[in-house]
Amino acid sequence: MSMHSQLIESRTAVDLEGHGVLDMVSTTRLGDPSVLYRLHGPHVRGCLLLTPASAEDDPTAPRARSSSVIFDPAPRLPLGQTAVRPITVNSIPLFGPWLLNTDDPSSVRPHRPGRPEPMPVRTRERARAVIAAVLEHWRQRGDREDLDRAARHRAALLFLTRYRAQLEHRRLLLERARIAVAETAQHIAVLQDALNGTDQPSSPTLEYHP
């Protein structure tokens, strides 16, 4: 394991049982919930970015995906200064991101971008073996609590911003509704005064200033 500029890097190799040996280099950054896996093996090249699903879940709502992880086979942003290349298996890129329940990885069905039909059998089997190896490494990580804590922190910041914007928008709608109610009440008062034989409205005009 090595550390550089708050980046923590570890290396391991896994026998994929019939698909060769997969070299994995995982990189994390202190305070970041994501783990970047750089993978190299027979007919396997590129990166997978894993992030706890809780990083995108509303902390004020019931937790339904605490055991789930987001797999991104084509991460668009590098983690620190680490070079990032979308993963390919047998020269075929994987499509994603996708959500995976770490308690039930059997539901994974890798496929290529824009092609809903299954991959060639050997490619699909190799891709599943790679994903299973990465998932098992993820499950055994000693920093999972730190990653989960960072994910919840990211989600709290994300939804705090969203709810503040929502609150401001709803306050604006409420003010507009108040003005509309007052204007309607004024129209009613004018009509009532007209029926009563008076010329002056019963309430002043309200103006809306956004």
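In this predicted model, Phe159 has a relative accessible area of 11% and is therefore buried. Tyr163, by contrast, is partly exposed, with a relative accessible area of 36%. Both residues belong to helix H2, where they stand 4 residues apart, about one turn of the helix.

| Pair | Centre to centre | Angle between planes | Arrangement |
|---|---|---|---|
| Phe71 and Trp98 | 5.7 Å | 15° | stacked |
| Phe159 and Tyr163 | 6.4 Å | 40° | tilted |

Phe71 is part of strand E6 and Trp98 of strand E9, so their pair ties together parts that are 27 residues apart in sequence. Phe71 counts as buried because its relative accessibility is 0%. Trp98 also counts as buried, at 18%.

The largest nonpolar core comprises 27 residues, and Tyr37, Leu39, Phe71 and Val134 have the most contacts inside it. Elements that give two or more residues to this core include strand E4 (35-41), strand E6 (68-72), strand E9 (98-101) and helix H1 (121-139). H1 gives the most, with 8 residues. Leu39 touches, among others, Leu22, Met24, Val44, Ile87, Val130 and Val134.

The second largest pocket holds about 280 Å³ of space. Of the 16 residues that line this pocket, Ile8, Thr28, Arg141, Asp143 and Asp146 lie nearest its centre. Strand E2 (7-15), strand E3 (21-29) and helix H2 (144-196) each supply at least two lining residues, and H2 gives the most, with 4. By class, the lining has 5 nonpolar, 5 polar and 6 charged residues.

Conventions: Residues numbered from 1 in each chain as written. Predicted model: local features only at pLDDT ≥ 70, side-chain atom pairs only at ≥ 80, totals over all residues. Heavy atoms only, no water. 1 Å grid on protein atoms, 1.4 Å probe; cavity = no way out; pocket = protein on both sides within 12 Å on 5 of 7 lines; lining within 4 Å. Points joined across faces, edges and corners; volume = space filled by probe spheres on them. Nonpolar A, V, L, I, M, F, W, Y, C, P; charged D, E, K, R; others polar. Core = buried A, V, L, I, M, F, W, Y, C linked by side-chain atoms within 4.5 Å. Buried < 20%, exposed > 50% of the residue type's maximum accessible area, 1.4 Å probe, protein only. Contact = heavy atoms within 4.5 Å. Phe/Tyr/Trp six-rings, centres within 6.5 Å; stacked < 30°, edge-to-face > 60°. Lists of a residue's contacts leave out its neighbours within four places in sequence.
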